[in-house]
Amino acid sequence: MPAELRIDVSAIGANFHRLRSLVRPDTEVAAVVKNDAYGLGIDLIVPTLVAAGCKSIFVADLREAVQVRRTLANLAHIYILSGVKESELETCLSHRLTPVCHSLADALVASRQLPEFVINVDTGFSRFGLTFTEARALVHISQRPPDLVISHLACADVRNDPTNRLQRDRFVAMCQVLDPRRRSLAASAAVWLDQSFHFDLIRAGSALFGLNNAGVEPNPLLPVVQLFARLADVRTVQRGEAVGYAASFRAAHSMRIGIVALGYAVGLPWSGGNAIAAAIGSYMVPVVGRVAMEYVAIDLSDVPLALCMPGRAVEFLGPRLSVEAMAKAARTIPQELLVRLGSSCPRHYALLSQEPSIGASA
């Protein structure tokens, strides 16, 4: 029986409203739903965000942009983060899509052939974007200013990092040269910085999906996902016996071990072996041994036998077990974990307050 990732779309809408409450009324909150909405399913999540009041969507590439436009014909703005090739301009025109231009050459083409164009400028992230010299060149060559200029903060999740103010000041200087209609520097973590970083538009991605990158306490965001799997087997392991590959765990005493039908094939991190935890009923249980392709072992020694029957649901993510906690234990980041689980695990769209029931998927 497969594992299941439960996705609370109402929590995504609530997180959007929460972010809106933190910015000025004249600052728009746009949604970043790249890579299939962080693996959670772009087709259902984008309509939820639009129903919550979202007017602008950022996607990874042209394919996703066309997909969103076909779903929501009247959506105001769909931005393509990967930019555009000259061969794709006709599709952009016919579907009213706006690419983000990362080079001077692309910006010149877009400014001449598209009704709107967006410029990415490099303020210190060193990943794509026009330099200050190229921005000045664009002003001299182009016949009109960009509709939107964006950049990206490198250290937004560290509130007092001086790199944030340096990048903000560079961004202001480049916008003075380019004179865009709108400006956007902040992504999710930068919402928690002061409003001088917010400008006209915030590109919210991970925060919509409940990820608290900036470590704000108490966490103002609602959890969006729960991960469940089933006990496939329960067995006794004697003292000194190994559990799993490479004998990375050996029983210090006689133990009851549960084998759960969940592994790295559906996104559970291999590096979470002997590190992450799960819950069965009200009991927290550690993962023991390595994470295998389809299975992982948990220590049920302190769990009542009545809860240890094969077929019992085991929770790996939820209100007690956050994505951030699993990511930290597995030495990765929450975004990677969400994308891997979302793109590999059967997805079920329901309220997280419901009792766990595995089987329905989308």
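Ala, Val, Leu, Ile, Met, Phe, Trp, Tyr, Cys and Pro count here as nonpolar; Asp, Glu, Lys and Arg count as charged; the others, Gly among them, count as polar. With these classes, the lining of the largest pocket has 19 nonpolar, eleven polar and five charged residues. The structure is a predicted model.

**The largest pocket**

The pocket holds about 950 Å³ of space. Its lining is made up of 35 residues. Which of them lie nearest the centre of the pocket? They are Lys34, Phe125, Arg127, His152 and Ala187. Two elements give two or more residues to this lining: H2 and helix H10, which spans residues 334–344. Rolling a probe the size of a water molecule over the atoms shows where empty space is left.

**Helix H3 and its cover**

H3 runs over residues 42–51. Four of its residues, Ile42, Ile45, Val46 and Leu49, are buried. Seen down the helix axis, the buried residues of H3 fall within an arc of 100 degrees, so they line one face of the helix.

What covers these buried residues? The cover includes three helices, H1 (9–21), H2 (34–38) and H4 (62–71). It also includes two strands, S2 (28–32) and S3 (56–59). After H3 comes Gly53, with a positive phi near 115 degrees.

**Backbone features in loops**

Positive phi also turns up in residues other than glycine. Ala246 is one of them, with phi near 60 degrees. Ala247 is not a glycine either, and its phi is positive at about 50 degrees. Ala246 sits in the loop between strand S11 (242–243) and strand S12 (249–250). Ala247 also lies in the loop between S11 and S12.

Are these two alanines buried or exposed? Exposed means over 50% relative accessible area, and buried means under 20%. Ala246 has 57% relative accessibility, so it counts as exposed. Ala247 has 28%, so it counts as partly exposed.

| Residue | Phi | Relative accessibility |
|---|---|---|
| Ala246 | near 60 degrees | 57%, exposed |
| Ala247 | about 50 degrees | 28%, partly exposed |

Another loop carries a cis peptide bond. Which residues does the bond join? It links Glu217 to Pro218, with omega about -5 degrees. Pro218 is in the loop between strand S9 (201–204) and strand S10 (225–237).

Technical notes
Residues numbered from 1 in each chain as written. Predicted model: local features only at pLDDT ≥ 70, side-chain atom pairs only at ≥ 80, totals over all residues. Heavy atoms only, no water. Buried < 20%, exposed > 50% of the residue type's maximum accessible area, 1.4 Å probe, protein only. Arc of directions from axis to C-beta. Contact = heavy atoms within 4.5 Å. 1 Å grid on protein atoms, 1.4 Å probe; cavity = no way out; pocket = protein on both sides within 12 Å on 5 of 7 lines; lining within 4 Å. Points joined across faces, edges and corners; volume = space filled by probe spheres on them.
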